[in-house]
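Grab a pencil and work through these exercises with the model open beside you. Each task comes with a solution that goes step by step.

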Amino acid sequence: MANDNDEYPEVQGTIGSIPNEPPANGLPSHDEIRMAANEQVQWNLKRKALNDQISAFRKGLKAKGHILGKLDDEVRKLEWSPEEYKADRVASDHYAEAMAQPVGTQLELYGTEATPDPVRTQLKWRQLGVKHGIAGIGWANEPPEDCPFDCAQSYGEGHEEGQGTVRRAFQTRLEEAKATAAAAGDDDGDDDDGQIDIEDVANDDAEIEQGEAA
């Protein structure tokens, strides 16, 4: 037997005493919220299905030997002009050279094809020491666990060289800070002994960079 109330009532969205009318503060009505929630769930499901397809596609690329990060990077740069692309490469090499990475003429730091393997190994660990010293990673007398015993000295020498380059950079900054303070007649940056601390100078730069980022 058919129910006389099979059809939806003309006004929907009322549960008990909760009205469907939008509140005075201009928020959507309950019906609008319910429909939006329902649609959002459906779009979330579609997005998950699409993400699953993309993930399967990328796994296939990786299985073929693609380096996904490099591929992503190149795809991201497709809209770049030649000038922008060149500038990016120059900047990347510049930063890599600063960190003693094997790029450009620095490739020779790791030897050439004619360099005997034992020498190339020593050069490899020495340059790794340089990079670690620059970044403040580890200690000169504590090479990484996988460092061959006969390369420990090379690593340590490189580490000390890397640390030395950073110390010189901070020393230059310290001298510039002293000169600036002297020219301004400002002693606020000095310690009680009249010296400017290298660590204070480094911290000041960090605060300036954070302020610019904000």
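**Exercise 1.** Find how many salt bridges there are, and look at what links Asp72 with Arg58.

*Solution.* Start with the rule: a salt bridge is a side-chain nitrogen of Lys or Arg within 4 Å of a carboxyl oxygen of Asp or Glu. By this rule you get seven salt bridges. In one of them, Asp72 pairs with Arg58, and their closest N and O atoms are 2.9 Å apart. Now place the partners: Asp72 sits in helix α2 and Arg58 in helix α1 (residues 30–63), 14 residues apart. Helices here are DSSP runs (H or I, at least four residues), numbered from the N terminus.

Before going on, note that this is a predicted model, where local features need pLDDT of at least 70, side-chain atom pairs count only at pLDDT 80 or more, and totals for chains, interfaces and linings use all residues. Residues are numbered from 1 along each chain as its sequence is written, and side-chain values use heavy atoms, leaving out hydrogens and water.

**Exercise 2.** Which helix has the lowest confidence, and which the highest?

*Solution.* Confidence is given as pLDDT, the predictor's own score for each residue, from 0 to 100. Across the chain the mean is 82, with 73% of residues at 70 or more. Helix α6 (residues 198–213) is lowest, at a mean of 53, while helix α2 (residues 68–76) is highest, at 96.

**Exercise 3.** Check the span of helix α3 (residues 82–98) against the expected one.

*Solution.* Take 1.5 Å times one less than the number of residues. With 17 residues, α3 reaches 24 Å from first C-alpha to last, close to the expected 24 Å. After α3 comes Ala100, with a positive phi near 60°.

Definitions and conventions
Helices (H or I, at least four residues) and strands (E, at least two) are DSSP runs, numbered from the N terminus.
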